[in-house]
Amino acid sequence: MNNWLKMVLSAAVFILAAAAAGQPVIFEKALSPRIASYDIEVKLDAETGILHGKETLYWRNASSYPVNELQFHLYQNAFRNTKSSFMKETLGSKPETKMKPKQYGFIDIESISLATGEDLKAKREFIHPDDDNAEDRTVLRVPPPKPLLPGQVITVKIEFTEKLPEPPFARSGAKKDFFFVSQWFPKTGVFVDGRWNCHQYHSHTEFFADYGVYNVKMTVPSKNLVGATGIEVSRMDNGDGTATHFYHAEDVHDFAWTTSPKFIEFKTRQNHVDIRLLLQAAHKNQAERHLEAARLAVKYFESWYGPYPYPNLTVVDPAPGAGGAGGMEYPTLITAGTLRVMPKGVRAVEMVIIHEFGHNYWYHLVGSNEFEESWLDEGINTYSEIQIVHDIYGAEGSMVDWLGLKADDLQIRRYSYLAAPNLDPVIRNGWQYYNGASYTAMSYSKPALMLITLENYLGKETMNKIMREWLARFSFQHPHTRDFITVANEVSGQNLDWFFDQALFSNAVLDYAVSSVSSKEIEKGKGYDFDYSTDKPLPKFLPLKTEESDKASPEKMYLSVVKVRRLGEFRFPVEIEMVFDDGEKLREKWDGQDIWKEFRYVKPKKLVSATVDPDKKIPLDLNWQNNTRTAEQPPLEKKKGGYLELLKFALNPQ
Ligand SMILES: [Zn+2]
């Protein structure tokens, strides 16, 4: 049988099997390993905000180890009380009394058993693998009666009750009749390398999960609209004021949904992707902006990086006061966020939609571990976002171009990096960064600046090939930082370890400075000459001839000296541009290995200025203020004060 026939037949078998099971089919062939699949029926009591869920989990032991227990994330317990690790990290020293009762949420497991009937509830146990907080209830361990052998599938039935925080302050939550339901169902961790990777929910961590198939039936007030991961299969009015919306999703690693009676629905299409927008009435006049941004996002990501395999995308605009649910990514569903008045030149709507859609590539298709290597998602995605908005809007006003005010996305990311450039290396567990500013700098800004630096170094085409290869090779897998470096090395045909070692694994900063520029007319030397010809009793007192003065004749000659310094430990090749008074520009290259480098010129013209990294190809450079110096400026090292400073020091030694 040839491969083509094999493929057609296996697809046909799959479709028939799925049809026989009464399940809809999106893809003819599984795109992912489908390790954790869920059937969930959930009912929302819109009055109390309580959700009741019945879940069936199909979990396959895809490892080569026996598995002795299952581990589940119970994310909503992060909001259970002020004793959770999430709350302790978020609230810090803030008084607990600031939290109103409504702001708490929880999830309780009512029952948990095998499909075959064995009860698992008695042996369940909360664990806290990341810290010593025994009060944290976000990870549950459940041992099945017998170890699960490699290849075996376990079917677990769970009933749960939960309440979402109001208003949402960390992604999920409610606001009056608006509900954004994410991180909401008992969800397995990832069993990898012979152990569970199932971290607690922290203030600065996101998520990690296996792929699977989801069939989710959501029962909500019949006047409500629903948006969810996947495609809507059916909608049934229950005749009791409620309706059940059935959504199906394949090869996704999470499922989020939203409901509200107040959404206004808009539709558009880009390439093969059906785009649906659920907008707040107050933002109706911004519908086209949202739709256009979503179209641009799909267009750019598909053409720059590779196909988006899903048939649709839903964009959700959170209700007023529910901003905590905004600006977040889920498989095939993203949340945006805007204000009643949002001038066109302030591109917050565009930015957030392009960014969150990008996550469907770098968090969803490439299933990296956001707890442990957040840069693989947020950093790569921020890099994509900056490059795309530069391409659409131009660099200068890529973020704001309004009333003569301009701001560049790249510059804004630089400020965020500069706020905490060396408190941590990029590679660090999400909950272990020095503080929130360092998490943001290391997960979003620094890696984005690093990748732009790399793109400028390798060229756009090579960098684009790297990104395409990264997506193609690691879609539906759980790659690590080392895998990214391997792809970069292979595609570029060079060993870039020296770059990534500094940028990702060290807290070295990069800062080049032109430290001094001088340009002086060469005077003829004075003194006795070296003329030892026979009949002279004494050497003549003459202007001396020197190598430099020889060249000087007959016009005025100048000796120009430029010193460039590497002020940080990060070594990176750089260019220096010298500008002379007749307009001549001269470029030099420096490998940046030494601590400083000198350039000397003898020319019949004066040097005016020198600039290190004149094209701003290295946005990782901590300080752009010291990149240019003129011959008029004193050297970097020249301290003000002179003797006065010395005197002060002498009187008050430290
Ligand atoms: Zn993000």
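Predicted model: local features only at pLDDT ≥ 70, side-chain atom pairs only at ≥ 80, totals over all residues.
How many helices and how many strands does the secondary structure of this protein come to? The count is 12 helices and 33 strands, where helices (H or I, at least four residues) and strands (E, at least two) are DSSP runs numbered from the N terminus. Residues are numbered from 1 along each chain as its sequence is written, and side-chain values use heavy atoms, with hydrogens and water left out.

Let me start with the protein as a whole. Of its 654 residues, 53% are buried, and here buried means under 20% relative accessible area, exposed over 50%, and partly exposed in between, with a 1.4 Å probe and protein chains only. The accessible surface comes to about 29,600 Å², and carbon and sulfur atoms account for 53% of that surface; the areas come from the Shrake-Rupley method with a 1.4 Å probe, and for residues only the protein chains shown count as cover. If we take contacts (heavy atoms within 4.5 Å) between residues at least 6 apart in sequence, 70% of them join residues at least 24 apart.

I would now like to turn to helix α8, residues 460-474. The buried residues of α8 are M463, I466, M467, W470, L471 and F474. Viewed down the helix axis, these buried residues fall within an arc of 125°, and so they line one face of α8, the arc being that of the directions from the helix axis to the C-beta atoms. E461 and A472, by contrast, are exposed and sit on the face turned away from the buried side. What covers the buried residues includes α4 (348-365), α5 (378-393), α7 (436-458) and α9 (481-492). After α8 comes F476, with a positive phi near 65°.

In α5, 13 of the 16 residues are buried, so that the helix is mostly covered, and from first C-alpha to last α5 reaches 22 Å, close to the 22 Å expected at 1.5 Å a residue. Just after α5, G394 takes a positive phi of about 85°. In α9 we find S492, which is buried at a relative accessible area of 15% and which touches L458 and T462 once residues up to four places away in sequence are set aside. S492 and K465 are 27 residues apart in sequence, yet their C-alpha atoms are 8.5 Å apart in space.

Finally, helix α6, residues 409-418, holds both D409 and L418. Is D409 buried or exposed? D409 is buried, with a relative accessible area of 2%, and beyond its neighbours within four places in sequence D409 is in contact with M351, E385, I386, V389, S398 and M399. D409 and G397, 12 residues apart in sequence, are 8.0 Å apart from C-alpha to C-alpha. L418, on the other hand, is partly exposed, with a relative accessible area of 32%.

Terms used
Expected span 1.5 Å × (residues − 1).
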